[in-house]
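Colleague: I've got a model open on my screen and I'd like to learn how to read it. Could you walk me through it, feature by feature?

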Amino acid sequence: MGGGGSVLRVCADHRGGINWLSLSPDGQRLLTGSEDGTARLWSTADGQCCALLQGHESYVTFCQLEDEAAFTCSADCTIRRWDVLTGQCLQVYRGHTSIVNRILVANNQLFSSSYDRTARVWNVDEGQMCQEFRGHRNCVLTLAYSAPWDLPGAPCMEEAVAGGLLVTGSTDGTAKVWQVASGCCHQTLRGHTGAVLCLVLDTPGHTAFTGSTDATIRAWDILSGEQLRVFREHQGSVICLELVNRLVYSGSADRTVKCWLADTGEHVRTFTAHRRSVSALKYHAGTLFTGSGDACARAFDAQSGELRRVFRGHAFIINCLQVHGQVLYTASHDGALRLWDVRGLRGAPPPTRSLSRLFSNKVGCAAAPLQPA
């Protein structure tokens, strides 16, 4: 069994659970969105909070961090864009009529999904809605986007995919593929017998993988709508998915993570040890990190399935994970962002500097001494 993980810092500034955690593309900042109605920006250099984003009138459901702007969505039915240097709100996107569940910034467009049964696309700079995608019979949960240059250039498809394709998953048991330019539904992916909770896209193969409360994962051709294969080994809802190196990792309410060959659906291995549902997944440099309802994060050797380390300290479910450099970041419903030392998981060379000194105690956060793993 794996040893215990060393906590470098505990950041407990939020006054409510943290629902999501996003890392900027350049790796310099983290963004957390919370039940307390605020978002916070954090420096990955020293773990300090560098901006408080206030303005939402209800809890923040999700967030995405870009290099120059932060995006948040909320149960107040709005989306906001923020300046990452000043923390100033730059834009409010209004139009949804219920909780906004997810947002996705891609190709200079902002996509959103909501309990109002719609998905929408917005002009990032002007805040205007460009297109509404209406057709789901229940809440739209999850989103993925395939840019036009990732799609085939056949003459019969050129017009349909000119603006790319948006894939949405819903509690109505379907996923839908939408033509972004026209707003038309391109395909409806039917087969699940429960809500679609998560999806990932293999853009080169124009394949979507969806996970559902029916305990299956399904692979679909997003151009033709054909169901390609069904992955049937889980005994509970599939909560999260990660696609890496032609492998699909799935986290489930059955307390396991499973690894599958994306191209065939063959079950390769199972990662056990969780005492509750697996709520979050992150693959990084040969290590699979998991977050669970048992309030622990874990590090597994992705190839062998061996449990390498357990990170204990949170009081409630871990909702999101990020890894940057030699630090694991975990965000929990207990309201804390925790930073953990992940050196030595893959036989890395001895450290050349003290991480505990780098993340030393400063106002607003509690730092813990670095202990040998």
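**Reading strands, burial and charge pairs**

Modeller: Let's start with a pair of strands: S13 and strand S14 (residues 129-134) run antiparallel and are joined by 5 bridges. Keep in mind that this is a predicted model.

Colleague: Which residue of S14 does Val-121 stand opposite?

Modeller: Val-121 faces Gln-131 there. The two strands make a hairpin with 5 residues between them, and Gly-127 in the turn has a positive phi of about 80°.

Colleague: What joins S13 to strand S12?

Modeller: Again 5 bridges, with S12 (residues 109-114) and S13 running antiparallel.

Colleague: Is strand S13 largely enclosed or open?

Modeller: For burial, the cut-off is under 20% relative accessible area. In S13 (residues 118-123), 5 of the 6 residues are buried, so the strand is largely enclosed by the rest of the structure. Across the chain, 59% of the 373 residues count as buried.

Colleague: Now charges. What's the general idea?

Modeller: Side chains of opposite charge can pair when their charged atoms come close. Here the cut-off is a Lys or Arg side-chain nitrogen within 4 Å of an Asp or Glu carboxyl oxygen, and by that rule the count comes to 9 salt bridges.

Colleague: Which residue does Arg-40 pair with?

Modeller: Asp-13, with the closest N and O atoms 3.7 Å apart. Arg-40 sits in strand S5 (residues 39-43) and Asp-13 in the loop between strand S2 (6-11) and strand S3 (18-23), so the pair ties together parts that are 27 residues apart in sequence. Arg-40 has 13% relative accessibility, so it counts as buried.

Colleague: How far apart in sequence are the parts tied together by Asp-202 and Arg-246?

Modeller: First find the salt bridge itself, where the side chains of Asp-202 and Arg-246 meet at 3.1 Å, N to O. Asp-202 belongs to strand S19 (residues 196-202), while Arg-246 is in the loop between strand S23 (238-244) and strand S24 (247-252), so the parts they tie together are 44 residues apart. Asp-202 counts as buried at 8% relative accessibility, whereas Arg-246 is partly exposed at 36%. Elsewhere, salt bridges that share partners join Asp-116, Arg-120, Glu-132 and Arg-134 into one network.

Colleague: Zooming out, how many helices and strands does the chain have?

Modeller: There are 2 helices and 34 strands. The radius of gyration is 20 Å, close to the 21 Å that the globule rule gives for 373 residues, so the chain is as compact as a globular protein of that length. Its C-alpha atoms fill a box of roughly 60 × 50 × 30 Å along the principal axes.

Colleague: Which residues does the UniProt annotation "repeat: WD" cover?

Modeller: The unreviewed UniProt entry puts it on several spans, including residues 53-92 and 311-343. Residues 53-92 are 0% helix and 55% strand, with end C-alpha atoms 13 Å apart. For residues 311-343, the end C-alpha atoms also lie 13 Å apart, and the span is 0% helix and 58% strand.

Methods:
Residues numbered from 1 in each chain as written. Predicted model: local features only at pLDDT ≥ 70, side-chain atom pairs only at ≥ 80, totals over all residues. Heavy atoms only, no water. UniProt positions renumbered as here; feature names shortened; annotations may be inferred. Helix = DSSP H or I, 4+ residues; strand = E, 2+ residues; numbered from the N terminus. Buried < 20%, exposed > 50% of the residue type's maximum accessible area, 1.4 Å probe, protein only. Rg over C-alpha atoms; globule rule 2.2 N^0.38 Å. Pairing = 2+ DSSP bridges.
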